[in-house]
Amino acid sequence: SAVISQKPSRDICQRGTSLTIQCQVDSQVTMMFWYRQQPGQSLTLIATANQGSEATYESGFVIDKFPISRPNLTFSTLTVSNMSPEDSSIYLCSVEGRDSEGANYGYTFGSGTRLTVV
Amino acid sequence: QKEVEQNSGPLSVPEGAIASLNCTYSDRGSQSFFWYRQYSGKSPELIMFIYSNGDKEDGRFTAQLNKASQYVSLLIRDSQPSDSATYLCAVGEYGNKLVFGAGTILRVKS
């Protein structure tokens, strides 16, 4: 399965500032997914990032708040903008795994970024 | 809104017993189903995926899928204290997205 390097692993940020999270994959992937996991909660999809096109955002998430870049097939960034304490969460990137025949064999997650906004 | 339901637990089982984790989903058209294990402070780790009705076994883990009942389960045989974690059920959606359940906390007591 793909190996994802995500950074930073954690950060403490002042409200009103922005943080950019990076994910690097060791193989080319078509789609990358960004999730949020709020304290004690499950994972919620923020957006899907395709190379060469605008990211597709889920209901409740907007580009101005969570701009995403996808410059190539191995890299993506998520920015959390104008942060408030409610943005304190774990942010995770994920990619779909496919075998040599194109069959899906599951999704792999990065190690996550634990964000605390004070 | 497509939903995935899990009992939050905690589910407590003695060491060596079988742990049974259950999940129901609302979208009858769903085709792919995943079980993840998440240790506290760590990211989710894929344990099993299943696409067809019936059972799929991998070591101590068995995933069971019943599309007619919209039900998927995970059995863990010979449970170990190291299996104590939160288990997340996820269902594949159109666009290759995953919808996650809230997770079931499993505690294996030695």
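1. A:Ser18, in this predicted model, is in contact with A:Thr79, A:Val80, A:Ser81, A:Asn82 and A:Met83, leaving aside neighbours within four places in sequence. A:Ser18 sits in the loop between β2 (10-13) and β3 (19-25) of chain A. Its relative accessibility is 46%, so A:Ser18 counts as partly exposed. From A:Ser18 to A:Ser84 there are 66 residues in sequence, yet the C-alpha atoms are 9.8 Å apart in space.

2. Is A:Ser76 buried or exposed? Its relative accessibility is 0%, and because buried means under 20%, A:Ser76 counts as buried. The side chain of A:Ser76 makes a polar contact with the side chain of A:Trp34, at 3.1 Å. A:Trp34 is also among the residues that A:Ser76 touches beyond four places in sequence; the others are A:Ile21, A:Gln22, A:Cys23, A:Met32, A:Ala49, A:Ile68, A:Ser69 and A:Arg70.

3. In chain B, B:Gln6 is part of strand β1 (residues 4-6). B:Gln6 is a polar residue by class, but with 12% relative accessibility it counts as buried. What does the side chain of B:Gln6 reach? It reaches the backbone oxygen of B:Tyr87, at 2.9 Å. Beyond four places in sequence, the contacts of B:Gln6 include B:Cys23, B:Trp35 and B:Cys89, along with B:Gly101, B:Ala102, B:Gly103 and B:Thr104.

4. B:Leu75 lies in strand β8 (residues 71-76) of chain B. Not counting residues up to four places away, B:Leu75 touches B:Ile18, B:Ala19, B:Ser20, B:Arg60, B:Phe61, B:Thr62 and B:Gln64. B:Val91 is 16 residues from B:Leu75 along the chain, and their C-alpha atoms are separated by 17 Å.

5. On the interface, 17 residues of chain B are in contact with 20 residues of chain A. The area buried between the two chains is about 1,400 Å², with 53% of it given by carbon and sulfur atoms. Which three residues supply more than any other three of the area that chain B buries against chain A? They are B:Asn96, B:Lys97 and B:Phe100, with 34%.

6. The second largest pocket has a volume of about 430 Å³. Of the 23 residues that line this pocket, A:Gln37, A:Gln38, A:Pro39, A:Gly40 and A:Gln41 lie nearest its centre. Two or more lining residues come from each of β9 (89-98) and β11 (113-117) of chain A and β9 (85-93) of chain B. The largest share, three residues, is that of β11(A). By class, the lining has 14 polar, seven nonpolar and two charged residues.

7. How many cavities of 30 Å³ or more does the structure hold? There is one. The volume of the largest cavity is about 40 Å³. Its lining is made up of B:Lys2, B:Glu3, B:Val4, B:Tyr25, B:Ser26, B:Asp27, B:Ser30, B:Val91 and B:Glu93. By class, these divide into four charged, three nonpolar and two polar residues.

How values were computed. Residues numbered from 1 in each chain as written. Chains lettered and ligands numbered in written order. Predicted model: local features only at pLDDT ≥ 70, side-chain atom pairs only at ≥ 80, totals over all residues. Heavy atoms only, no water. Helix = DSSP H or I, 4+ residues; strand = E, 2+ residues; numbered from the N terminus. Buried < 20%, exposed > 50% of the residue type's maximum accessible area, 1.4 Å probe, protein only. Polar contact = N/O pair within 3.5 Å; in protein donor to acceptor, adjacent residues only side chain to side chain. Contact = heavy atoms within 4.5 Å. 1 Å grid on protein atoms, 1.4 Å probe; cavity = no way out; pocket = protein on both sides within 12 Å on 5 of 7 lines; lining within 4 Å. Points joined across faces, edges and corners; volume = space filled by probe spheres on them. Buried area = accessible area lost by both parts, 1.4 Å probe.
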